[in-house]
Amino acid sequence: MGADMRAAGDNGAVESHAAVDERARELARVVWDHLVLTGPLSKADAILALGCHDTRVAAHAARLWHAGWAPVVVVTGGRGKITSAWAETEAQVFARVAREHGVPDGALLLEETATNTGENITATRRLLDGRLDLRSGILVAKPYMTRRALATARKQWPEADWIAACPDLGYDAYGTGDDERRFVELMVGDLQRMEVYAERGFQVPMPVPAAVWAAYEELVALGFDRHVIR
């Protein structure tokens, strides 16, 4: 993955994993193609950059701000399962990246408590209460998180209209390198959460096609199950 992602934390550690073979990569592309869900952009009240270990999300949010799609960038995130050892919150890291890409402090808001996607939405809603009457928003996330981000926002903040956006990267650009196995494991976990979290009422249902679920099950059987909910 990109150098920005490895530099974001304080220790620079990258987990070592066995390589992803061609069969697993073929299956992972099926999952990726389903999870990436973006739509045509339109003007919005705010851009929400969902915190994670990938600072390219913050850079893309900055690009959207410069393009005039929304007047405010909210960076949301405390520390999650991948960023628990960071010296700073995800929001602090993302805010620094946004500033480096030219977003002024007057256009930035930080939400520093969220530890998961649902909290990214609900905590941001609390943050903006009384500050901004948000009727529409652009969710900026990792490519494979866009579908789940939309499903979550539509459940947790249904009064607003949501669009998802992400850095313009395909699977091969995003997933290759030393971190590919970790990336596939995260993606497998996210696909499972599309089903589990809809059942639990955390997000709106978005059915998973049979071929995509079959790819998920084979990846789990191949051992890509680190982030699967037991």
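Which residue stands opposite Val75 in β2? Select Ala49 and you have found that residue.

Before moving on, note that this is a predicted model, where local features need pLDDT of at least 70, side-chain atom pairs count only at pLDDT 80 or more, and totals for chains, interfaces and linings use all residues. Residues are numbered from 1 along each chain as its sequence is written, and side-chain values use heavy atoms, with hydrogens and water left out.

**Stop 1: the sheet.** Select residues 46-50 (β1) and 73-76 (β2), which pair in the parallel sense over four bridges. Strands here are DSSP E runs of at least two residues, helices are H or I runs of at least four, and both are numbered from the N terminus; two strands pair if DSSP finds at least two bridges between them. Now show the whole open sheet: five strands, paired in parallel, in the order β3-β2-β1-β4-β5. Because β3 (108-111) and β5 (161-165) each have a single partner strand, one side of each edge strand has no neighbour in the sheet.

**Stop 2: helix α4.** Select 90-100, lying across β1, β2 and β3 and running at about 165° to β3. Such angles run from 0 to 180 degrees between N-to-C directions, with axes fitted to C-alpha atoms, for helices over the stretch in contact (heavy atoms within 4.5 Å).

**Stop 3: helix α6.** Select 146-156, which lies across β1, β4 (136-140) and β5, at about 165° to β5. Among the buried ones are Arg147, Arg148 and Leu150.

How values were computed
Buried means under 20% relative accessible area, exposed over 50%, partly exposed in between (1.4 Å probe, protein chains only).
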